Amino acid sequence: MPSEMLLKIFSYLDAVSLLSVGCVNKLFYDLANDNGIWLKIYSSCLQPKRTTWKMKSEQTEAVPLGCAALHDKKPGYWKKEYILKQTAAVKTRVMRLAKPLDPYTGLPCKNKVAMKLSGLSWIIVLKDKNGKEHVTEKANLSFKHTSVTILWYGTNWPCLDVVSTLKLFGVTPLLLDQNMPPNKNGPRRLSLIAEYHLANLTESSVAVGADGLVQLFSVNPGLLIGIWKEKNEIAFVMVSLHYHQLLERSILGSATVQYAPPPNKPVLDDIDPEYGLHDYSLHLEMHGRSCTYLRGTFRNLFCRKGDIANGYLRLTVVSLKDNRKHLPLIGTPGLSWETDVFKGNVKDCYMMNLTLFDEIGEPFWCFSAPVCMELSSKTSGLYDYMGHIYTTNYADSEGKVCVKLVWLEETRQYIIVNLVLYVSTEKVNNWYGTNY
């Protein structure tokens, strides 16, 4: 078929169909990049509509073909311009939806709506030592107040011994029609959220628990990998993403470079290293995939100069000495998992969502990560409680969390008797532009 006839046929296609046709072969790619076709699409969709443009179809086609906008531009110019404008418009609508804040959590309260509007989903790409990539898309989602937990499983995982890296991507349709649901088979763009190095996984990661079938290993930030005990192969992959900057990291990055948030602008009248941190607040969630064990907000947290030691500023949330603030957990912590065939629940393991706000309500330190409860060798000597002591510890580059719990056999309940945050002085100095 002559190229002129193919070009005429292509002129009736929409943008998504043109992008798909361009993947057929070199000839189709060149014809689908025709500036005349894309300028017509660009003009009809993105420029303001004027009454002077209302003319016959033959005239509408003839005007762009003879203008300098076509002859002075390289093939594919107007295609690129159209895609850039469309994706920018979608990003603007999505980020505008993410601005309203939940008065309880202080975090965006329309994340689900924004994610639905953007057609957002997530995939993982496992790369073996030979460079071969294994893409897994099908996932189960579990939404909480401040995070979303994503679970992938399948029967075609590569052998654990040959896996080198795992990449987590946010996936959105390249072109989104507001009047139609996202086309999962259409052209898409990837935004790199995180990259994990999995060589020697069992040695380099943190073991957070096990049941009769699987053993769980945690890799920061927020990655949990289940390994079959007998076969020593991957059973499932679970990722927990905190809502803070969730949309930005899932949409605004590129396929190779992660999104970097802009630096914080410190409050100029608040730089006071002698006084320390003050008026901070914390929102904390402890949950499994389907149930929540604790959700609470703690205000008026502060740190004096004397609480700064060994590169950390200490914020005491729950004190061992003040039993009025001790917190009971609802239910028994455990993290449920599933695959195509088996299901299970790993006891004494759960997801911790932490959101620490500074004195003006800006999210200062946020994470969502799997943690475990470890039995201490000591027994509680507190007057109010007699039982076994458990501890939960979490650490990353920005700080540490230390939780102490007591198990009450009479009521079969865990009580948090001590909760302390240790914030890195480097994190604080970068945030305020000062020196603690």
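View 1. Strand β23, residues 413-424, is mostly covered, with nine of its twelve residues buried. Buried stands for under 20% relative accessible area, exposed for over 50%, and partly exposed for what lies in between (1.4 Å probe, protein chains only). Strands are DSSP runs of E of at least two residues and helices are runs of H or I of at least four, numbered from the N terminus. β23 pairs with strand β22 (residues 399-408) in the antiparallel sense over ten bridges, and Lys400 stands opposite Tyr422 of β23. Two strands are called paired if DSSP finds at least two bridges between them. Strand β14 (residues 312-318) is joined to β23 by six bridges and runs antiparallel to it; here Leu315 has Leu421 as its bridge partner. Strand β15 (residues 327-328) is also antiparallel to β23, over two bridges, with Leu327 opposite Ile416. β22 and β23 form a hairpin with four residues between them, and Arg412 in the turn has a positive phi of about 50°.

The model is predicted: local features need pLDDT of at least 70 and side-chain atom pairs count only at pLDDT 80 or more, while totals for chains, interfaces and linings use all residues. Residues are numbered from 1 along each chain as its sequence is written, and side-chain values use heavy atoms, with hydrogens and water left out.

**View 2. Helix α8 and what covers it.** In α8, residues 111-118, the residues Asn111, Ala114, Met115 and Ser118 are buried. Seen down the axis of α8, these buried residues fall within an arc of 100°, so they line one face of the helix; the arc is that of the directions from the helix axis to the C-beta atoms. An α-helix has 3.6 residues a turn, so residues three or four places apart point the same way. Lys112 and Lys116 are exposed, on the face of α8 turned away from its buried side. The cover over the buried residues includes α7 (77-97), β1 (121-128), β3 (140-143), β5 (163-173) and α10 (246-251). Just after α8, Gly119 takes a positive phi of about 70°.

View 3. Ten of the eleven residues of β5 are buried. β5 pairs with β1 in the antiparallel sense over eight bridges, where Leu168 of β5 is the bridge partner of Ile124. β5 also pairs with strand β6 (residues 188-197), again antiparallel, over nine bridges. Thr165 is found in β5 and counts as buried because its relative accessibility is 10%. Leaving out residues up to four places away in sequence, Thr165 touches Val125, Leu126, Lys127, Glu195, Tyr196, His197 and Leu198; contact means heavy atoms within 4.5 Å.

View 4. Thr172 has its place in β5 and stands opposite Arg189 in β6. Thr172 is buried because its relative accessibility is 6%. Not counting residues up to four places away in sequence, the contacts of Thr172 are Ser118, Gly119, Leu120, Arg188, Arg189 and Ile251.

**View 5. The largest cavity.** A search of the whole structure finds one cavity of 30 Å³ or more, and the largest cavity has a volume of about 90 Å³. A cavity is a set of points on a 1 Å grid over the protein atoms alone where a 1.4 Å probe fits but cannot get out, and lining residues have an atom within 4 Å of a point. Grid points are joined across faces, edges and corners, and a volume is the space filled by probe spheres set on the points. The lining consists of Thr87, Val90, Lys91, Ser118, Thr172, Pro173, Leu174, Leu176, Arg189 and Ile251. α7 gives the most to this lining, with three residues. By class, five lining residues are nonpolar, three polar and two charged. Ala, Val, Leu, Ile, Met, Phe, Trp, Tyr, Cys and Pro count as nonpolar, Asp, Glu, Lys and Arg as charged, and the others, Gly among them, as polar.

View 6. Most residues other than glycine have a negative phi, and most peptide bonds are trans. A cis peptide bond joins Asn220 and Pro221, with omega about 0°; Pro221 lies in the loop between β8 (214-219) and β9 (223-228). Asn232 has a positive phi, near 55°, and is found in the loop between β9 and β10 (234-242). Asp279, in the loop between α10 and β11 (280-287), has a positive phi of about 60° and is partly exposed, with a relative accessible area of 46%.

Conventions
On a 1 Å grid over the protein atoms alone, a cavity is a set of points where a 1.4 Å probe fits but cannot get out, and a pocket is an open set with protein on both sides within 12 Å along at least five of seven lines; lining residues have an atom within 4 Å of a point.
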